[in-house]
Amino acid sequence: MTQKTMIQAITDALRTELRNDENVLVFGEDVAKNGGVFRATEGLYDEFGEERVFDTPLAESGIGGLALGLALQQYRPVMEIQFFGFVFEAMDSVASQLARLRYRSGGVYHAPVTIRSPFGGGVKTPELHADNLEGLFYQCPGLKVVIPSNPYDAKGLLISAIRDNDPVVFLEHMKLYRSFREEVPDNDYTIEIGKANVALEGKDISIITYGAMVRTALKAAEQLKKDKIDCEIIDLRTISPLDVETIVSSVKKTNRAVVVQEAQKQAGIASHVIAEINDRALLYLDAPVGRVNAPDTVFPFAAAEDVWLPNEKDIINKVKETLNF
Amino acid sequence: MPVNYSGKIEDFFPTLRILDTQGHVVNNQKKPELTDEQLRELMWRMVYTRIWDQRALSLNRQGRLGFYAPVAGQEASMLASEYAMDKGDWLLPSYRDIPQLVWHGMPLYKAFLYSRGHFEGGQYPEALNAVMPQIIIGAQCTQTTGIALGLKKRGKAQIAFCYFGDGATSQGDFYEAMNFAGVYKAPAVFICQNNRFAISVPVEKQTATQTLAQKAVAAGIRGIQVDGMDPLAVYAAAKEARDYAIAGNGPTLIETLTYRYGPHTMAGDDPTRYRTDELTGEWEKKDPLIRFRYYLEQLGLWSKEDEEQAADQAKEDVAKALKQADAVPKQKVTDLLSFMYEQPTQNVKEQLTEYSAREGDQR
């Protein structure tokens, strides 16, 4: 056990899988000598060499196509999109090509590709770096979308993503990279993709969220505890596929829910979580499901994030509103 | 003073031609070494494919095929380049490049299933190294680079052949692919079949360059332009590019100057809206089958009987393949659901249950 930040846990996962499986390749912009712009691939080029860890020219679509081709040569590519706001350049290669390979070949071919990318607001990046675009990929059958909320989960989920025989979009919230450390086992371990985690047990209300908002929700729950409100927090860990079972059983227990996402309201993950609750547990609800999200504008940047991103207070208010319905 | 490239760069990309329209050898030095049997085989394939294409058009009009992009006019460009491939080489076609797939090892009935959108059309035999025909213009180019890099890393003596049209050269993916392949010295051959029209838009409106082959310059890779109606020139260029890649020198871009006689696809395209009969007539005079037939007849390698046999065989095979395609069970929603992931996810599992119940009801 070692105390690690999330970025260190991610490097650890990459190193573990590069050692475990000679077919694992790590590539992207600046990932080799430079170790990635966030140092996620620090030391990997030195340990594994140019054959396994290599830089690509600066072209995201080319990186996605490269990954698909390498997958067809039985490699297990881990491609990096330097910032998730750049993924639009690779939209065809990810959403049309990687996601569809199994279907197009009638199940003969598959794409065991991990698409790693930093995203998430609150760290004052330039424009089109931090955007919460997970909803776009949630709409793509054939892809899985994983968003860890802490170092321990990041390592276990990333190892699972790399071992998965389907393409996995693995989104790393930049605010979580270095904001805290926790115990991360040195050995390899996996966390099942598609399973949510009950981050906090409670009986009064279920807060369902993912990514950096899990931390925000935990802080809100601490405050709410002072008002004798006992929150249960579900960390989705994977947003596609969604762990409907865990969500629904929590709601059936607490009879109230608030869904929290950093992304804009329209067509987000929260919409779908609420629809699933309505489909499966409507009659267990004592109040309409509350929702905390960013407003329906384009994702702003830098100073604009302060007024835009949902925060602890928004969660506290929405929880109280839902309880007082 | 800025450099004026006009009339300079294209001088490096003269059109390679070996046979003229009358089947006379005009470039003995570049003439590829093909045995009599190989020459006959190539002609057989071209005649066969022309007949199959004609049958496909009429089947399409009868509603018995789905999506189909006619190939007549492009036989030399398609088949003589595929003829330079080794059996183990990887093929990345566009939607028009079904003939290369079939001659590379895809059973004909699977071509018909692909046309109909049946998943079995994409289930290739293990020995066929190919990716399904690409619809997104240029997307196969970047995938080719990935496959070629993979082959190189694996130390295999195989290369990747990629087919696309003149329109694709306007796509970022085309340039990204060549650029990556150049950096990695990936063993790939990019074959741009310049049939002059991307649906309706003429190549002059795709680019201000005089040739498409010269686009290789920007990626620092080899480029060559060939007469795409001349099977010997196409074969020679493709073979040379393959040898060059196998030797570890990296990729080549080949531009084949060709023409499609028919519409873009059978889904309502009307070529009279954007090109003249005179232009089509001019290209028909350059027909690859006519010139190759002249050439082989001069050598005593091709006869009327050969021609008839190839045509009859094509008709027979098409009829057989159509029957075979018709006999394949209809695809079900549960089939499609099962191709989404290796292990069905929660939502897929639920829907498998839902749809298999429905499908059970229909029986």
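The model is predicted: local features need pLDDT of at least 70, side-chain atom pairs count only at pLDDT 80 or more, and totals for chains, interfaces and linings use all residues. Residues are numbered from 1 along each chain as its sequence is written, chains are lettered from A and ligands numbered from 1 in the order in which they are written, and side-chain values use heavy atoms, with hydrogens and water left out.

**Interface**

Chain A puts 44 residues into the contact and chain B puts in 39 (heavy atoms within 4.5 Å). About 3,400 Å² is buried between the two chains, 56% of it on carbon and sulfur atoms. Buried area is the accessible area (1.4 Å probe) that two parts lose on being put together, summed over both. On the chain A side, A:Gln73, A:Tyr103 and A:Arg104 lose the most area to chain B, together 19% of what that side buries.

The interface holds 2 salt bridges (a side-chain nitrogen of Lys or Arg within 4 Å of a carboxyl oxygen of Asp or Glu). One of them joins A:Arg280 to B:Glu350, at 2.6 Å, N to O.

Helix 3 of chain A gives the most to the side that touches chain B, with 9 residues. Helices (H or I, at least four residues) and strands (E, at least two) are DSSP runs, numbered from the N terminus.

**Cavities and pockets**

On a 1 Å grid over the protein atoms alone, a cavity is a set of points where a 1.4 Å probe fits but cannot get out; a pocket is an open set with protein on both sides within 12 Å along at least five of seven lines; lining residues have an atom within 4 Å of a point. Grid points are joined across faces, edges and corners, and a volume is the space filled by probe spheres set on the points.

The whole structure has 4 cavities of 30 Å³ or more.

| Space | Volume | Element giving most to the lining |
|---|---|---|
| Largest cavity | about 80 Å³ | helix 4 of chain B, 4 residues |
| Largest pocket | about 890 Å³ | helix 10 of chain A, 6 residues |
| Second largest pocket | about 450 Å³ | helix 13 of chain B, 3 residues |

The lining of the largest cavity includes B:Trp52, B:Phe67 and B:Tyr114. Its residues divide into 10 nonpolar, 1 polar and no charged. Ala, Val, Leu, Ile, Met, Phe, Trp, Tyr, Cys and Pro count as nonpolar, Asp, Glu, Lys and Arg as charged, and the others, Gly among them, as polar.

The largest pocket is lined by 39 residues; A:Gly135, A:Leu136, A:Tyr138, A:Gln139 and A:Cys140 lie nearest its centre.

The second largest pocket has 20 lining residues: 5 nonpolar, 5 polar and 10 charged.
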